[in-house]
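Q: Can you walk me through this one? I'd like to go residue by residue and then look at how things pack.

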Amino acid sequence: MSQLTCKKCQSEKYVKSGHTRGQQRYQCKDCGCQFTDTNRRGVHPALKSFAIVLYAYCGVSMGKIARLYKISTVAVLKWIKAAALEAKPINPVSESDIIMIDEGWHFVNGKKTKYGSGEPLMLPS
Ligand SMILES: [Zn+2]
């Protein structure tokens, strides 16, 4: 049997505070929050994060996520907006001294000739 704790501050100090919808209601002595001994409402935070990853990196639409979770599209939109506000802005200036020369190699190979010689470039296979 799990010990009942405050749903806001996890305190174990509470007093009975009447009933609501047939459930015993408690009031936390530390933060004053009122709560009942029921499961938390809503979708688990890990599933919310997974939905955001699906939307942002996998290209799954909000409507598809809403049907998958059996919630409204607006709820998915609110999760994505909240995640976007929490995200740090991307720093366009790199702190490392490493550069990519991949595009340069494509340019050299694309010409099929050695620079200035006019002979075809022989690529190692
Ligand atoms: Zn509390």
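**Loops, helices and strands**

Q: Let's start with lysine 70: buried or exposed?
A: Lysine 70 is exposed, as 7 other C-beta atoms lie within 10 Å. The cut-offs are 20 or more other C-beta atoms within 10 Å for buried, 12 or fewer for exposed, and partly exposed in between, with C-beta atoms placed from the backbone.

Q: What should I know about the model and the numbering?
A: It's a predicted model: local features need pLDDT of at least 70, side-chain atom pairs count only at pLDDT 80 or more, and totals for chains, interfaces and linings use all residues. Numbering runs from 1 along each chain as its sequence is written.

Q: Back to lysine 70, where is it?
A: Lysine 70 sits in the loop between helix 2 and helix 3 (73-86). Its phi is near 60 degrees, a positive value in a residue other than glycine.

Q: OK, zooming out. How many helices and strands does the protein chain have?
A: Four helices and three strands. These are DSSP runs numbered from the N terminus: H or I over at least four residues for helices, E over at least two for strands. The order along the sequence is β-β-β-α-α-α-α.

Q: How much of the chain is buried?
A: Buried residues come to 6% of the 125 residues in the protein chain.

Q: And what share of contacts comes from residues 24 or more positions apart?
A: 22% of the contacts with a separation of 6 or more. Two residues are in contact if their C-beta atoms, placed from the backbone, lie within 7 Å.

Q: Which residues does tyrosine 26 touch?
A: Leaving out residues up to four places away in sequence, tyrosine 26 touches Tyr14, Val15, Lys16, Ser17, Gln34 and Phe35. Threonine 36 is ten residues from tyrosine 26 in sequence, and the two are 6.0 Å apart in space, C-alpha to C-alpha.

Q: How about glutamine 24, buried or exposed?
A: Glutamine 24 is exposed, with 12 other C-beta atoms within 10 Å. Glutamine 24 is in strand 2. Not counting residues up to four places away in sequence, glutamine 24 touches Lys16, His19, Thr36 and Asp37.

Q: Now the helices. At what angle do helix 1 and helix 2 pack?
A: Helix 1 (residues 45-57) and helix 2 (residues 62-69) pack at about 150 degrees, their axes 10 Å apart. That makes the two roughly antiparallel. Angles over 145 degrees count that way, under 35 is roughly parallel, 65 to 115 is roughly perpendicular, and the rest are oblique. Axes are lines fitted to C-alpha atoms, for helices over the stretch in contact, and angles run from 0 to 180 degrees between N-to-C directions.

Q: Which residues meet there?
A: Ala51, Leu54 and Tyr55 of helix 1 meet Met62, Ile65 and Tyr69 of helix 2. By class, that contact has six nonpolar, no polar and no charged residues. Here Ala, Val, Leu, Ile, Met, Phe, Trp, Tyr, Cys and Pro are nonpolar, Asp, Glu, Lys and Arg are charged, and the others, Gly among them, are polar.

Q: How do helix 1 and helix 3 cross?
A: At roughly 85 degrees, with axes coming within 10 Å. Helix 1 and helix 3 are therefore roughly perpendicular. Lys48, Ala51, Ile52 and Tyr55 in helix 1 meet Val76, Trp79, Ile80 and Ala83 in helix 3. That contact has seven nonpolar, no polar and one charged residues.

Q: Last pair: what's the angle between helix 2 and helix 3?
A: About 115 degrees, with the axes 8 Å apart. That makes helix 2 roughly perpendicular to helix 3. Met62, Gly63, Ile65 and Ala66 of helix 2 and Thr73, Val76 and Leu77 of helix 3 make the contact. Those residues divide into five nonpolar, two polar and no charged.
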